[in-house]
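Please keep the sequence and the model at hand while reading.

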Amino acid sequence: MGIVDDLKSELQSARAERQWYEADWQDYVTYTAPDMERAFNRPGGVTAQDGMSAFRHSAARERSRKLYDPTAVWLLDRLASGVGSLTMPEGFNWHGVGFGDPFAPPPTQEDEEFFELVRDHLFRVRSSGRSGFALANRSRLLSTVKLGTGVLFPAENEGNMADIRTPIHYRYVPLYEIYLIVDAQGADCGFFRVRKLKAWQAVKEYGGNVSDKIKEEADDPKRKNAEHTFVHACFMREGGFEEATDIRKSRYESIHFEEESKHICRRGGYFEYPLVISRWDRDGLSPYGSPPQAKLMSDIKSLQSLARDGLIASSQAVRPPIATHAQERQLDLNPGRTNPGLIDEQGRPLFRPMIDTVNPGAADAQIENIREKLRIGLYGDLWQTLLEGNGRTATEANIRRKEMADMIGPFSTNIMAGNEALFEREVGILGRRGAFASGSPLAPPASIADSDVTLVPTAPIDQMREAGHFEAIMGFQEYLGIAAGADPTIMDLHDREEEYDLTRRALGLPAKLKRRPEEVEKLRQERAAETEQQQQLAAGESMARMAKDGAPLLKAISEQDGSILPKDLGL
């Protein structure tokens with residue numbers, strides 16, 4: 001049995017295990033996220049035979065076929081935007097760089113400036129329009145919030161190794177294409193990506209290394225758009241290790257093959273885990289995350305049912321079904337129109353509404369109760385509270401920010417955890433391109449050359465957590481001012497330089513604001529020399545003044561008693 005047969009067997013097992021999740025995903029998309037993966041938003045789910053080309057009629061109608069109340073939809077949109085602005089806002093450095101060793105000494109001024117240099121370079125790479133980071137990361141975040149799991153694939157730009165601006169291409173991987181594999185501890189260790197490519201796309205993607213059938217179809221104008229299924233399998237390589245420099249001994253092995261013909265199109269590997277996976281919440285050791293609306297689906301479905309019934313009731317109240325006498329007659333219900341023959345000799349109408357007790361607002365209270373539950377469960381009330389914060393004092397605003405950090409913090413931590421894999425992948429690609437070699441603008445100082453570095457979160461949500469430290473420092477300063485008034489010696493216990501460092505880090509200010517130690521020492525020496533010179537000048541002026549003021553007095557005394565002669569005083 002060949003390696004492709006083994007991989008297909010593993011893929012079949014992964015597909016069977018994921019069926020339980022696919023049913024949930026289809027519900028999430030149907031009732032809360034009609035703008036997400038099309039493959040989930042249709043009868044039959046992702047395993048339908050027609051694959052991604054499921055729509056043959058109005059896509060908008062199919063996507064919203066069960067949506068009668070959009071409350072959950074716009075709450076999730078607001079949540080995704082809010083979480084994005086708190087964790088990875090555009091135009092903001094939402095992470096820094098620091099030592100990976102928790103027992104490493106505090107970074108020096110030179111270390112911090114190097115870390116900031118690397119950080120700024122990474123953000124310049126991501127901000128390049130050709131890198132695709134902004135769109136891919138946005139899609140990943142939406143998938144994380146709305147479906148529970150988001151996947152980003154940073155691929156090395158192997159087509160142009162000399163491209164400094166775009167060494168990495170960032171691509172979003174739809175959840176219906178990816179089958180994740182975790183080990184016994186829940187750590188990501190492999191995946192299968194199953195996607196359909198047209199014949200001409202496959203030839204371009206794999207440089208012509210495809211089966212003869214696909215080559216023939218790609219050369220035929222009538223058959224070049226025929227679709228075929230391709231599988232990308234990635235798993236831990238036997239005998240691979242982290243410090244490998246040869247791709248054949250890399251930690252992860254990668255194989256692309258055609259599912260039908262089993263033809264291997266590409267074989268290689270990765271030195272780092274190639275996927276960046278973020279999960280909203282995780283159920284045990286599941287490879288997939290759980291979205292915030294997972295625990296609210298019964299309420300969301302009830303809301304859709306009540307809204308649908310309310311719409312029907314409103315229609316019945318405005319245009320109720322009509323019963324007519326003896327036989328069916330066509331009624332013209334337009335204003336001012338005449339309907340002859342529809343009353344008897346006594347003037348009684350020969351028709352009447354079949355339902356006259358409809359109350360369109362009967363379910364309004366219940367609908368509003370469910371909406372309130374959703375606003376609380378999907379954090380809509382929190383954003384509204386912050387929007388209504390005008391006129392608050394600084395202390396009240398900080399308290400609100402602290403509440404937001406406490407509520408969103410655990411889930412934002414799950415999202416940010418995936419960024420550590422992103423940082424490791426990016427630094428690995430840049431390092432293999434010589435970005436950190438001697439003589440490069442990003443060459444590390446000697447103190448960092450052999451150290452482990454990692455991502456340090458500095459997003460707004462992290463600054464909200466640090467705001468508590470700043471408030472504590474400010475309160476402690478007030479205490480010191482009062483205590484020093486009673487006992488000035490208490491200031492001997494306080495390290496003002498350490499206070500400065502803690503305050504700067506709590507506010508997220510760059511290291512360049514702080515002078516280098518040698519610069520500080522030079523300034524202090526110059527200040528001390530200037531102070532000493534001023535003291536010497538002041539002492540000389542004092543002596544001269546004393547001599548000038550004392551001369552007439554001594555002369556007067558000497559003239560009175562002659563006991564002190566001016567020549568004895570040197571006058």
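How many bridges join strand 2 to strand 9?

## Strand pairing

The model is predicted. In it, strand 2 (residues 149-156) and strand 9 are joined by four bridges, and the two strands run antiparallel. Within this pair, Thr149 stands opposite Arg279 of strand 9.

## The sheet and its helix

The pair belongs to an open sheet of three strands, ordered 3-2-9, with antiparallel pairing. At its edges lie strand 3 (168-172) and strand 9 (276-279), each of which pairs on one side only. From one strand to the next, the twist averages 20°.

Helix 5 (residues 133-147) packs on this sheet and touches strand 2, strand 3 and strand 9. The direction of helix 5 makes about 155° with that of strand 2.

## Ile247 in its loop

Ile247 sits in the loop that lies between strand 6 (227-236) and strand 7 (252-258).

Leaving aside residues up to four places away in sequence, Ile247 touches Arg237, Gly269, Tyr270 and Phe271. As for Gly268, its C-alpha atom is separated from that of Ile247 by 6.8 Å, while the two residues are 21 residues apart along the chain.

Terms used. Residues numbered from 1 in each chain as written. Predicted model: local features only at pLDDT ≥ 70, side-chain atom pairs only at ≥ 80, totals over all residues. Heavy atoms only, no water. Contact = heavy atoms within 4.5 Å. Pairing = 2+ DSSP bridges. Axes fitted to C-alpha atoms, helices over the stretch in contact; angles between N-to-C directions.
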